[in-house]
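Trainee: I'd like to learn how to read a protein model. Could you walk me through one?

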Amino acid sequence: EIKAREDVTITSFSFFTGSTSKSLTEVWTRYGSYEGYTANNYGWEKIYDGKIELGGTSLLTVVKLKTSVYIQEGETASFYIVSPGIISVKAKKEGETVAQDDAIELY
């Protein structure tokens, strides 16, 4: 989840992967929390679907979204990235902040 501390527009995601192959990647989003919406794609919108070159563990993989997502200050949007071997940062406890800056909080 991303909570906006100010009005923001999400246009891309960057992440590391465990491999360096060309792979099908999808990005899904929904306004609000993902809680209660993880069993299927009901309530989610696919905003990216394409093959990209995965950068592995030393080069960031960048997904430039085909549809940007505007999040108003104080609001939350959830994202689900489907890509093989994605290396994620996990909170010690669900709902805990894993990263933040002046514009957003990432849970």
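Mentor: Start with exposure: a residue is buried under 20% relative accessible area, exposed over 50%, and partly exposed in between, using a 1.4 Å probe and protein chains only. This is a predicted model, where local features need pLDDT of at least 70, side-chain atom pairs count only at pLDDT 80 or more, and totals for chains, interfaces and linings use all residues. Residues are numbered from 1 along each chain as its sequence is written, and side-chain values use heavy atoms, with hydrogens and water left out.

Trainee: Is Val62 buried, exposed or partly exposed?

Mentor: Val62 has a relative accessible area of 42%, so it is partly exposed. Across the protein, buried residues make up 32% of the 107 residues.

Trainee: And how do I read the secondary structure?

Mentor: Helices (H or I, at least four residues) and strands (E, at least two) are DSSP runs, numbered from the N terminus. Here you get zero helices and nine strands. Val62 lies in strand E5, while Gly50 sits in strand E4.

Trainee: Which residues does Val62 touch?

Mentor: Contact means heavy atoms within 4.5 Å. Leaving out residues up to four places away in sequence, Val62 touches Ser12, Phe13 and Ser14. Gly50 is buried, at a relative accessible area of 13%.

Trainee: How much do contacts reach across the sequence?

Mentor: Take the contacts between residues at least 6 apart in sequence: 76% of them join residues at least 24 apart.

Trainee: What about the nonpolar core?

Mentor: In soluble globular proteins, nonpolar side chains tend to be buried together. A nonpolar core is a set of buried Ala, Val, Leu, Ile, Met, Phe, Trp, Tyr and Cys residues joined through side-chain atoms within 4.5 Å. The largest one here has 18 residues, and Ile10, Phe13, Val27, Val63, Leu65, Ile71 and Phe79 touch the most other members. Strands E1 (2-4), E2 (8-17), E4 (45-53), E5 (61-71) and E6 (76-82) each supply at least two residues of this core.

Trainee: Which residues does Phe79 touch?

Mentor: Not counting residues up to four places away in sequence, its contacts include Ile2, Ile10, Phe13, Trp28 and Val69.

Trainee: Last one: how do I read distances along the chain and in space?

Mentor: Compare the two for a pair. Gly50 and Val63 are 13 residues apart along the chain, and their C-alpha atoms are separated by 9.3 Å. Val62 and Asp102 are 40 residues apart in sequence and 22 Å apart in space, C-alpha to C-alpha.
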